Amino acid sequence: MPLMVKRQSYISSNQSILCCSDEDGKKDAICHYELCFTESCLLRDPKSYSTWHHRRWTLLQMIHPDWQKELGLCDQALRMDERNFHCWGYRRFVVEKGSVPLDSELAFSTKLIKENFSNYSSWHYRTTLLPLLFPQAIPEAQIQEELKLVLNAVFTDPNDQSAWFYSQFLVDQIRKADYTEVMRKLVENVKELWEEEPENAWVLHAYVKLLLTNRDLLDTSGKEFIMDGIKMDGIKMDGKEFVSIAVGKLSAQDPLRSGYYHSLRSQI
């Protein structure tokens, strides 16, 4: 089809037509056709910058755009490729302009994660939604729900990076809100996972980061949940000794990032 092959020039010319039209009925009719055309283009090439941009521009020209239909298009595109960042960016535009409830978007993200907890884009989407839903601080109950998602993912597959990256966001939120008991429980959970997966670099790195984030944990004195010390290679030690040895192990496993691991040791 000639229009499909030359869609860029076609899009540019139709933008000019829309800009010149001052009749709302005529403009909406053209816009409707543009939406049908760009949808067919996106089904063939869902990562076309110009097509997504033109669809966004077209909707802004309309008197009564159908934002729910646009969410449906996003759903369809994400089923084709759950990491299509063009579509995720477009979805955020639709949510903002269409006043889509943010809690429904959070539920949408949860659904995708439960279907595939390796969906990094959906985890990342939550880092943008939660601060908007809770501008002051994410409630402790919500943090608990987020941790359930994360822990289910990392205990299922400790090597999957997506949930670990999201966990760093949660740790920051927990620290800012000073949810001491939540942090204590998280450290216990990650320690338990490390004991099951002592050679897993992702688990060990997460445990080290938690200890460094909670500097009082580096000294086991007075901390009931690590009172007996931490055991590595059958030897009991305190938190500082553990971090020092752990960083050495991580550096040996991943020498390309040895400088980063060295910086962790300097935080002890």
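Biologist: Which residues in α10 meet α12?
Modeller: From α10 come Q161, W164, F165, Q168, V171 and R175, and they meet W202, V203, H205, A206, L210 and T213 of α12; contact means heavy atoms within 4.5 Å, and helices are DSSP runs (H or I, at least four residues) numbered from the N terminus. By class, this contact has seven nonpolar, four polar and one charged residues, with Arg, for example, counting as charged, Trp as nonpolar and Gly as polar.
Modeller: Bear in mind that this is a predicted model, in which local features need pLDDT of at least 70 and side-chain atom pairs pLDDT 80 or more, while totals for chains, interfaces and linings use all residues. Residues are numbered from 1 along each chain as its sequence is written, and side-chain values use heavy atoms, without hydrogens or water.

Biologist: And at what angle do α10 and α12 pack?
Modeller: Helix α10 (residues 161-177) and helix α12 (residues 201-213) pack at about 10°, with their axes 11 Å apart, so they are roughly parallel to each other, a label for angles under 35 degrees.

Biologist: Switching to R55, is it buried or exposed?
Modeller: R55, which lies in helix α4, counts as buried because its relative accessibility is 1%, the cut-off being under 20% with a 1.4 Å probe and protein chains only.

Biologist: Which side chain does the R55 side chain make a polar contact with?
Modeller: The partner is the side chain of T38, at 2.7 Å, where a polar contact needs a donor and an acceptor, N or O atoms, within 3.5 Å. Leaving aside neighbours within four places in sequence, R55 is in contact with residues including L35, E70 and Y90.

Biologist: Where does W57 lie?
Modeller: W57 also lies in helix α4 (residues 49-61), and at 18% relative accessibility W57 counts as buried.

Terms used. Helices (H or I, at least four residues) and strands (E, at least two) are DSSP runs, numbered from the N terminus. Buried means under 20% relative accessible area, exposed over 50%, partly exposed in between (1.4 Å probe, protein chains only). Axes are lines fitted to C-alpha atoms, for helices over the stretch in contact, and angles run from 0 to 180 degrees between N-to-C directions. Angles under 35 degrees count as roughly parallel, over 145 as roughly antiparallel, 65 to 115 as roughly perpendicular and the rest as oblique.
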